[in-house]
Amino acid sequence: MASIVLKRTNQKMPVVGFGLWKVTKSTCADTVYAAIKSGYRLFDGAGDYGNEKEAGEGVRRALSEGIVKREELFITSKLWNTFHAKEHVNKIAKKQLDLWGLDHFDLFLIHFPIALQYVDPSHRYPPEWWGDDGKTVTLANVPMQETWTCMEELVDQGVAKNIGISNCSGSIICDIFRYARIEPQVLQVEIHPYLTQEPLLKFAKTLGIAVTAYSSFGPQSYLELGMDKGVTALFEHDAITSAASKVGKTTAQVLLRWAIQRGMAVIPKSNSPDRLVQNLQSEDFELSEDDMKAISALNINLRLNDPAEIDPRMAIFA
């Protein structure tokens, strides 16, 4: 399996992983187990997804049956916004490890560069964006430097082998690099043909930060949430279907290959066993330069995951 070598640790991060966002609790353990049997080695989770315990059950089943060894897996999780303060980072990271039933994360990311008021996990977990009323967003005055220093301590303690950031733009990344003792190894951001993010990709490459693209299928991931913005599905777009017919691949495989050829890792999910395998088979072909350009030309700077739509005070991409 193709991989990206991380700068500080030289650890290999698989290019195609399995994303755990929106994987339901009731099926998550079986889905993760099936994905491992299908060949997946990277699993991208988060405290906010609410399924870490179940994902861990799937991992441990595969480990106990000898299907895979722990060192062959690359497990990612993320720090939620309510736990940015120095007194909470370490505790919640260890709680998340306990949920997974593991002794370390391969990668631990700051989910958003947004600090929210602390919510005790015993009261509500995952806490999501809002207070108990389900409406009010309460920001917290926690600077990124405080949070990043605690992330570095997770590496010192062996809780995480690598640390990184998600949903961060250039200015935040610049800020972190001013004081980082351990630099971010990975940047995870929304990237698809409707949001190609060339300047951010170039910036990350210059700094030696590996990039993982999420929402590779664009609006498809947001249909059930009513957040697809009414645009044409990428699976149906002429530039995608034309490229797929030329290489004899599915439109999903073309979208993943487009990202991989741009130097990124991808983390698609699927509940279909056939599509699970198909998504992994996005490394064994090349898109032509003309098709790459045609797909990139679909860019309309359409951001589907924007916290500013929840509260304008969280306009991190403004």
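In this predicted model, an open sheet is built from 8 strands, arranged in the order S3-S4-S5-S6-S7-S8-S9-S10 with parallel pairing. Strands here are DSSP runs of type E of at least two residues, and helices are H or I runs of at least four, both numbered from the N terminus; two strands pair if DSSP finds at least two bridges between them. Because strand S3 (18-19) and strand S10 (265-266) stand at the edges with a single partner strand each, one side of each has no neighbour in the sheet. Further in, strand S7 (residues 160-166) and strand S8 (residues 186-190) run parallel and are joined by 2 bridges. Isoleucine 165 has leucine 187 in S8 as its bridge partner.

Residues are numbered from 1 along each chain as its sequence is written. As the model is predicted, local features need pLDDT of at least 70 and side-chain atom pairs count only at pLDDT 80 or more, while totals for chains, interfaces and linings use all residues; side-chain values use heavy atoms, without hydrogens and water.

UniProt, in an unreviewed entry, lists residues 17-299 as "domain: NADP-dependent oxidoreductase"; such annotations may be inferred rather than shown by experiment, and positions follow the numbering used here, with feature names shortened.

Threonine 232 lies in the loop between strand S9 (210-214) and helix H7 (238-247). Its relative accessibility is 43%, so threonine 232 counts as partly exposed (buried is under 20%, exposed over 50%, partly exposed in between, with a 1.4 Å probe and protein chains only). Neighbours within four places in sequence aside, threonine 232 is in contact (heavy atoms within 4.5 Å) with Tyr194 and Pro219.
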